[in-house]
Amino acid sequence: MSLDWIYYAISWILLRWHGVWDAIGVPDKAVLGTTWSWILAIFFLVVTVRVILFPIFVKQIKSQRAMQALQPKVKELQEKHKGDRETLQKEIMELYRTEKANPLMGCLPMFLQIPVFLGLFHVLKRVNPNNQAKELYGWTAAQFDSASHATLFTAPISGRFGSSATELAALDASVVTVKVIAAILVAIMITTTYLTSRQMILKTGWAEDPQQRMLQRIMLYGIPASLLISGAIFPIGVIIYWVTNNLFTLAQQQWVLRKFPPPPVSKSNTVNRYSEAGEKARAAAAARETQSQPKSGGLLSRITDAAKSAAAPQPGATPKAVGKGAANGKPAARAKSNGAAQSADAKPATDGKALAPKPGAKPVNPKKAGGRRPAKRK
């Protein structure tokens with residue numbers, strides 16, 4: 001199957017935007033080592049594609065919300081058909097068909113951008129001064145010569161990290177400069193690709209369906225990891241397109257998620273839900289909390305009960321005066337010194353009869369009772 005229609009379409013959009021910036025007055029000569037007319041043409045190629053795909057992006061958000069609403073039912077099916085994977089998959093697909101939810105809709109915008117990416121890759125790969133087919137895909141010779149000398153900080157947009165010294169010499173480019181610029185752009189491309197997937201997962205949560213969860217993990221970790229290898233063969237212009245597309249996606253998702261916030265994600269559906277370390281930490285915290293609580297009937301409980309019973313007044317007993325004049329309603333005499341007053345306030349009055357040994361009880365050795373002897377009465 002010929003892909004010429006894609007190459008013609010991408011070339012047409014790219015050349016139209018370059019013509020717009022050329023008419024405005026953006027020079028084709030490099031400023032700060034960058035040919036801004038071609039860089040802006042690539043940037044607005046992204047804008048054009050994203051505007052065309054915006055209705056599909058809205059459907060993607062709606063599909064993700066529908067999938068999220070079906071998570072409780074999916075969980076019920078998992079419990080019902082536990083151990084029967086084949087029946088579980090049939091029931092889940094039947095649920096999706098009945099509720100008109102498409103699991104692949106979440107990846108549709110990315111799949112539709114693959115032809116655009118391949119088209120730009122092919123077009124920029126052939127932008128080389130030694131290429132004789134200058135007027136292919138609707139280009140003029142002047143446009144081709146201008147694009148073949150377009151640069152980003154002196155690195156040609158058709159250059160690659162894996163370009164040989166001979167290829168870069170034909171582009172009048174430095175090998176070191178091209179590799180440094182390409183490496184920086186590849187790192188930004190990997191980071192922004194990871195952030196676009198992470199942003200959506202944090203807002204919508206991990207899926208209950210194992211296939212959906214696996215797809216989320218591929219989007220979050222698999223694609224960024226693959227770019228570490230494939231980024232070496234991408235022309236710098238294609239990496240500029242990818243980075244711009246990721247930044248546009250981050251801004252678009254942020255706007256949509258603020259405008260139409262998803263339902264709150266339960267704590268059991270967070271990223272740490274399937275983390276064994278998180279489960280062990282919660283179990284250890286619960287065990288510590290249980291151990292910190294005093295057991296009923298322990299030593300502390302018995303001492304507390306004994307103190308309460310000793311301090312409680314006996315039935316029919318009359319309260320005793322603390323000092324002279326207390327029986328007549330007069331206040332007790334003040335202590336002669338401040339130290340005596342503080343000592344009297346700090347130690348509560350105790351009943352001597354309650355502490356006295358009961359008739360017939362065996363004498364207690366003071367040393368075994370804690371090493372203290374009873375205070376002598378004055």
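The structure holds four salt bridges. A salt bridge here is a side-chain nitrogen of Lys or Arg within 4 Å of a carboxyl oxygen of Asp or Glu. This is a predicted model, in which local features need pLDDT of at least 70, side-chain atom pairs count only at pLDDT 80 or more, and totals for chains, interfaces and linings use all residues. Residues are numbered from 1 along each chain as its sequence is written, and side-chain values use heavy atoms, with hydrogens and water left out.

Begin with the whole chain. The protein chain has 15 helices and two strands. Both are DSSP runs numbered from the N terminus: helices are H or I with at least four residues, strands are E with at least two. Of the 378 residues, 35% count as buried. Buried means under 20% relative accessible area, exposed means over 50%, and partly exposed lies in between (1.4 Å probe, protein chains only). The chain exposes about 24,800 Å², and carbon and sulfur atoms supply 62% of that area. Accessible areas come from the Shrake-Rupley method with a 1.4 Å probe; for residues, only the protein chains shown count as cover. Among contacts with a separation of 6 or more, residues 24 or more positions apart account for 71%. Contact means heavy atoms within 4.5 Å.

Now the salt bridges. Arg97 pairs with Glu94, and their closest N and O atoms are 2.5 Å apart. The two residues are three apart in helix α5, so about one helical turn separates them. An α-helix has 3.6 residues a turn, so residues three or four places apart point the same way. Arg97 is exposed at 58% relative accessibility, while Glu94 is partly exposed at 37%.

Another salt bridge joins the side chains of Lys134 and Asp145 (3.2 Å, N to O). This pair links distant parts of the chain: Lys134 sits in the loop between α6 (108-125) and α7 (141-148), and Asp145 sits in helix α7, 11 residues apart. Lys134 is partly exposed at 24%, and Asp145 is partly exposed at 31%.

Glu167 and Arg160 also meet through their side chains in a salt bridge (3.1 Å, N to O). Glu167 is partly exposed at 36% relative accessibility. Arg160, at 18%, counts as buried.

Turn to helix α4, residues 71-80. Its buried residues are Gln71, Val74, Leu77 and Gln78. Seen down the axis of α4, they fall within an arc of 115°, so they line one face of the helix. The arc is that of the directions from the helix axis to the C-beta atoms. This buried set packs against α3 (54-69), α5 (85-99) and α10 (210-230). The face turned away from the buried side carries the exposed residues Glu76, Glu79 and Lys80.

Next comes Thr193, in helix α9 (residues 175-204). Thr193 is buried, with a relative accessible area of 7%. A polar atom of its side chain lies 2.7 Å from the backbone oxygen of Met189. The side chain of Thr193 also makes a polar contact of 3.0 Å with that of Trp242. A polar contact is a pair of N or O atoms within 3.5 Å; within protein, one must be able to donate a hydrogen and the other to accept it, and residues adjacent in sequence count only if both atoms are side-chain atoms. Beyond four places in sequence, Thr193 touches Ile223, Pro224, Leu227, Trp242 and Asn246.

Finish at Gln252, in helix α11 (residues 236-259). Gln252 is buried at 9% relative accessibility. Leaving aside neighbours within four places in sequence, Gln252 contacts Arg50, Phe54 and Phe57. Gln252 and Arg50 are 202 residues apart in sequence, yet 9.6 Å apart in space, C-alpha to C-alpha.
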